Amino acid sequence: MTIKHPEGIDFSWKDNRTEYEIFFDQMYQAYLQEKHDNNESKDILSKTDYFESNQRFLLTKFKEEA
């Protein structure tokens with residue numbers, strides 16, 4: 001069965017985040033994975049707290065990888 005899409009509508013997914021936002025999300029996911037791997041589930045920071053605590057490090061690391 002073929003589905004017909006209306007003409008003039010773009011159904012493709014677009015990531016509207018900045019390169020830094022994508023980088024930050026990847027770093028936060030790596031942080032969560034590390035906490036999980038080390039069984040430290042009680043000490044996990046929220047995304048906001050992680051950003052506030054590591055802002056300088058994240059920006060430096062982002063500039064190094066860019």
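1. Basis. The model is predicted, so local features need pLDDT of at least 70 and side-chain atom pairs count only at pLDDT 80 or more, while totals for chains, interfaces and linings use all residues. Residues are numbered from 1 along each chain as its sequence is written, and side-chain values use heavy atoms, with hydrogens and water left out.

2. Phe24. Phe24 lies in helix 1 (residues 19–37); helices are DSSP runs of H or I of at least four residues, numbered from the N terminus. Phe24 counts as buried because its relative accessible area is 11%; buried means under 20%, exposed over 50% and partly exposed in between, with a 1.4 Å probe and protein chains only. Beyond its neighbours within four places in sequence, Phe24 is in contact with Lys47, Tyr50, Phe51 and Leu58, where contact means heavy atoms within 4.5 Å. Lys63 is 39 residues from Phe24 in sequence, and their C-alpha atoms are 12 Å apart.

3. Aromatic pairs. The structure holds 9 aromatic pairs. One of them joins Phe24 and Phe51, with 5.3 Å centre to centre and 80° between the planes, which is edge-to-face. This pair links distant parts of the chain, with Phe24 in helix 1 and Phe51 in helix 2, 27 residues apart. Rings of Phe, Tyr and Trp (its six-membered ring) pair if their centres lie within 6.5 Å; planes under 30 degrees apart count as stacked, over 60 as edge-to-face and the rest as tilted. Phe51 is partly exposed because its relative accessible area is 26%. Ring pairs also link Phe24, Tyr28, Tyr31, Tyr50 and Phe51 into a cluster.

4. Lys35. Lys35 is also a residue of helix 1. With a relative accessibility of 13%, Lys35 is classed as buried. Leaving out residues up to four places away in sequence, Lys35 touches Glu40, Ser41, Asp43 and Ile44.

5. Leu32. Helix 1 contains Leu32 as well. Leu32 is partly exposed, since its relative accessibility is 23%. From Leu32 to Gly8 the C-alpha distance is 41 Å, at a separation of 24 residues in sequence.

6. Asn39. Asn39 sits in the loop between helix 1 and helix 2 (47–65). Its phi is near 55°, a positive value in a residue other than glycine. Most residues other than glycine have a negative phi. Asn39 is exposed because its relative accessible area is 70%.

Technical notes: Helix = DSSP H or I, 4+ residues; strand = E, 2+ residues; numbered from the N terminus.
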